[in-house]
Amino acid sequence: MKLLFVTQVMDRNDSVLGAYHGWVREFASQFEAVTVICLREGEHMLPPNVRVYSLGKEVGTSRLTRLARLFVYLWRERKNYESVLVHMNQEYILAVGWLWKLLGKRIYLWRNHYAGSILTDLAAAFCTKVFCTSRHSYTAKYRKSVLMPVGIDLSLFKEHPGVGRIKNSILFLARMTPSKRPDMLLRALHIIKNKGVPFSASFYGSPLPKDRSYYQSLQAEVKTKGLSEVSFFAGVPNTDTPALYNA
């Protein structure tokens, strides 16, 4: 079996999507060949049966250029994949799902988000199966949906005896965006501080450009409420997070 994996980023050092580099490495052990089409390409170390093609966002290509490249790659590589797994972005299916259907490719979508729309429904209509990890995902409602494990590399995420655990410490690790609810945790921390409970809290994650003002409002809230126990840190690569979890 040959797989086409369509994703946003193929970069092992990306602080948000670096984990999916590990997914592709595992796919490579299960499939004869894996072709990756990504919006942006960074550093990767993948087996020889994996080929990566970028739509060029890392060099500033326009949307029209990226769409043209997508069609070129899909057509040129059409004999090198039998099934398609689209990761997160339904837009790819909306744009080229009809072509995959004409080529006789099976289409699968992984999308795990509480929000969705009629466009999500339309994309799902093209799919053989839709994967998600939570029953609260918008995509969990389809009869063709499959609830699956999160997909964590247990060889990496395990207890590290050499890392000392910080007493009464709290870790929040996610992209800094309203959908992840870091503001809710800050409100909870303010409550427990007022009750005299000792703690420290570390917020690891970076905002997208559109969420920068939201991130700044979180930092301002910490100062306003006098939450000196709270520290903010930029997002880190997925490979660096086991030590944070252990601490």
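Predicted model: local features only at pLDDT ≥ 70, side-chain atom pairs only at ≥ 80, totals over all residues.

Biologist: Which residues line the second largest pocket?

Modeller: The lining is made up of R165, I166, S169, I170, L171, S200, A201, S202, Y204, L244, Y245 and A247. The elements that contribute two or more residues are β8 (169–173), β9 (200–204) and α7 (241–246), and β9 gives the most, with four residues.

Biologist: How do you know how many residues of that lining are nonpolar, polar or charged?

Modeller: Each residue is sorted by its type, with Ala, Leu, Ile and Tyr among those that count as nonpolar and Arg among the charged ones. Sorted in this way, the lining has eight nonpolar, three polar and one charged residues.

Biologist: What makes β8 and β10 edge strands in their sheet?

Modeller: That open sheet has three strands in the order β8-β9-β10, and its pairing is parallel. β8 and β10 (230–233) each have a single partner strand, so one side of each is left without a neighbour in the sheet. Neighbouring strands here are turned by 15° against each other on average, direction ignored.

Biologist: How do you know that β9 and β10 count as paired?

Modeller: Two strands pair if at least two bridges are found between them, and four bridges join β9 to β10, which run parallel; β9 and β10 therefore meet the criterion. In one of these places, S202 has S231 in β10 as its bridge partner.

Biologist: Why are α5 and α6 called roughly parallel?

Modeller: Angles under 35 degrees count as roughly parallel. The axes of α5 (residues 182–194) and α6 (residues 212–224) cross at roughly 5° and come within 11 Å, and the two helices are therefore roughly parallel to each other. In their contact, P182, D183, L186 and R187 of α5 meet Y214, L218, E221 and V222 of α6, and these residues divide into five nonpolar, no polar and three charged. α5 also lies across β8, β9 and β10, running at about 170° to β9.

Biologist: What is the order of the strands in the sheet of seven, and which strands are at its edges?

Modeller: The seven strands form an open sheet in the order β3-β2-β1-β4-β5-β6-β7, with parallel pairing. The edge strands are β3 (50–54) and β7 (145–147), each of which pairs on one side only, and the twist averages 20° from one strand to the next.

Biologist: How do you know that β4 and β5 pair?

Modeller: At least two bridges are needed, and β4 (residues 83–87) and β5 (residues 106–110) pair in the parallel sense over five bridges. V86 has L109 in β5 as its bridge partner. Across β1 (2–10), β2 (33–41), β3, β4 and β5 lies helix α1 (residues 19–30), which runs at about 170° to β1.

Key. Residues numbered from 1 in each chain as written. Heavy atoms only, no water. Axes fitted to C-alpha atoms, helices over the stretch in contact; angles between N-to-C directions. Contact = heavy atoms within 4.5 Å. 1 Å grid on protein atoms, 1.4 Å probe; cavity = no way out; pocket = protein on both sides within 12 Å on 5 of 7 lines; lining within 4 Å. Parallel < 35°, antiparallel > 145°, perpendicular 65-115°, else oblique.
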